[in-house]
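Dear colleague,

I am passing on the structure that we talked about, and below it you will find my notes on what turned up in it. Please keep the structure open while you read, so that you can look up each place as it is named.

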Amino acid sequence: LDLVKWARSTCPPMDSLSLFTEALGLRDPWRVEACDLDAANGKLTLRLGWERGSRFPAKDGDGELYPVHDSEEREWRHLNFFQFETRLVARLPRVRDGEGRVVTAEVPWARSGSGFTLLMEALVMQLCKEMPVAAAARIVGEHDTRIWRVVHHYVGKAHAAESREEVATVGIDEIATRKGHRYGTCFAEIRPDGTGRLLHLAPGKDAATVAGFAEELGKHGASPEQIGRVAIDMSRAYIAGVRDHLPEAETSFDRFHVMVHAGRAVDEVRKEVAREHGGLGKGSLWSLRGNAERLRPEARALREELSVRYAELGRALALREFLRDTWRYTAREDAEDHLRRFCAWAQRSRLQPFVKLARTIRAHWAGILGYYPDYLTSGAMESINAKLALARRRARGFRNFGNFRAIAYWIA
């Protein structure tokens with residue numbers, strides 16, 4: 001009882017308009033002048049106003065206060081008040097600034113040109129980081145086009161402010177952006193500790209994407225000449241793009257992509273053996289793919305059985321494992337010697353897919369050994385690609401590549 005008396009004496013009663021004014025954080029000259037609760041339709045409208053004779057700062061002005069020239073009514077969507085959809089309505093003043101221009105005054109609860117309050121936009125951005133944009137739009141009860149405008153504004157502003165001055169090593173990789181063989185190219189910084197940071201995302205997977213990245217560096221306080229190392233796959237387009245637009249960069253072909261070529265060579269041998277012997281039986285396809293230590297015991301046993309039964313498969317798998325050992329060496333000289341021995345063995349293996357692989361390796365010799373001396377790989381791209389796959393799901397139904405890129409920048 002004493003606590004209640006104390007609360008009443010120290011917290012004088014407030015009317016609803018004063019309460020909403022305080023809750024919205026409004027300061028002179030702004031105040032809530034009226035509130036209209038439409039319980040039947042679940043809507044609350046708060047009408048804001050200002051005292052006659054008030055002065056306001058101009059939007060993007062010098063901070064000076066100017067008298068009101070005229071005003072026009074505007075509306076903003078705000079956070080819900082309990083279960084009621086809440087909107088702010090105000091006579092937005094226009095002022096004549098020091099240069100004689102009539103401009104819109106700034107308001108403290110919303111950014112210029114937005115139909116949402118700042119708090120509502122903060123909620124929207126957090127929702128879009130955790131769920132698809134379409135789902136966020138349904139939760140707040142707005143069309144997803146309005147939500148996308150908010151995402152593009154804040155992501156674009158944050159991305160433009162990022163610096164690239166310290167970027168020296170970059171990974172480049174293609175990503176699937178939509179069904180139907182639609183691809184994009186991801187550019188990420190590879191830090192010394194092996195982590196990555198998404199820098200740029202471009203539609204397509206040709207040399208023009210590298211040109212676009214080089215141009216983008218200039219907008220972030222950097223230059224193409226500062227890029228000293230690049231990890232890529234053996235795509236001719238990327239090789240040409242790096243050569244033409246990142247002139248100081250040394251190329252490193254990621255070992256994962258080299259081993260992909262070796263896996264394809266094994267698969268070609270498997271197909272030839274299967275055609276010659278009328279098939280290899282159930283489970284042979286997957287037992288011969290990937291690394292043996294990752295297979296289930298029964299698949300590993302089948303792999304060993306096929307290697308013994310068919311000499312060509314045994315040689316193909318042995319060649320693949322021998323190539324894999326290249327990256328176990330710590331010194332470039334030892335790895336180079338090992339790679340020479342692999343190519344010599346592949347050339348005389350009488351397995352045409354591996355003869356072709358040996359030619360490919362020789363054509364990309366310097367780039368494959370570009371792994372040394374700092375063991376550069378695009379492993380950091382794997383975690384970024386996982387986030388990009390998540391972004392693709394979050395932006396599902398996206399109407400253009402820009403929407404996908406905005407969500408990718410936001411969560412990656």
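How many residues lie between S8 and S9 in their hairpin, and which residue in the turn has a positive phi? Five residues lie between the two strands, and the turn residue with the positive phi, about 90 degrees, is Gly194. Before going on, please note that this is a predicted model, in which local features need pLDDT of at least 70 and side-chain atom pairs count only at pLDDT 80 or more, while totals for chains, interfaces and linings use all residues. Residues are numbered from 1 along each chain as its sequence is written, and side-chain values use heavy atoms, with hydrogens and water left out.

The hairpin

Helices (H or I, at least four residues) and strands (E, at least two) are DSSP runs, numbered from the N terminus. Strand S8 covers residues 182-190 and pairs with S9 in the antiparallel sense over seven bridges, where pairing requires that DSSP finds at least two bridges between two strands. One of the residues involved is Thr185, whose bridge partner in S9 is Ala202. Strand S9 (residues 196-203) is mostly covered, since six of its eight residues are buried; here buried means under 20% relative accessible area, exposed means over 50%, and partly exposed is in between, with a 1.4 Å probe and protein chains only.

Charges over rings

A charge sits over a ring if NZ of Lys or CZ of Arg is within 6 Å of the ring centre and within 35 degrees of the ring normal. Lys205 lies over the face of Tyr183, at 4.2 Å from the ring centre, and the charged end of Arg146 sits over the ring of Phe116, 4.3 Å from its centre.

Aromatic pairs

Rings of Phe, Tyr and Trp (its six-membered ring) pair if their centres lie within 6.5 Å, and planes under 30 degrees apart count as stacked, over 60 as edge-to-face and the rest as tilted. By this rule the count comes to 12 aromatic pairs. The rings of Phe322 and Trp345 have centres 5.6 Å apart and planes at 75 degrees, so this pair is edge-to-face. Because Phe322 lies in helix H11 and Trp345 in helix H12, the pair ties together parts that are 23 residues apart in sequence. Tyr371 and Tyr375 form a tilted pair, with 5.5 Å from centre to centre and 50 degrees between the planes; Tyr371 is buried, at a relative accessible area of 8%, whereas Tyr375 is partly exposed, at 38%. Ring pairs also link Trp30, Trp50, Phe56, Trp76 and Trp109 into a cluster.

Backbone details in the loops

Tyr375 lies in the loop between H14 and H15, and its phi is near 55 degrees, a positive value in a residue other than glycine. Pro373 is in the loop between helix H14 (365-368) and helix H15 (380-394), and a cis peptide bond with omega of about 10 degrees joins Tyr372 to Pro373. Tyr372 is 41 residues from Ala331 in sequence, yet their C-alpha atoms are 7.4 Å apart in space. The peptide bond from Asp28 to Pro29 is also cis, with omega near 10 degrees, and Pro29 is found in the loop between helix H2 (16-23) and strand S1 (30-38).

The largest pocket

On a 1 Å grid over the protein atoms alone, a pocket is an open set of points where a 1.4 Å probe fits, with protein on both sides within 12 Å along at least five of seven lines, and lining residues have an atom within 4 Å of a point. The largest pocket has a volume of about 810 Å³, where grid points are joined across faces, edges and corners and the volume is the space filled by probe spheres set on the points. Its lining has 27 residues, of which Arg255, Phe256, Met259, Asn291 and Arg320 lie nearest the centre. Helix H8 (255-277), H11 and H15 each supply at least two lining residues, and the largest share, nine residues, comes from H8.

With best wishes
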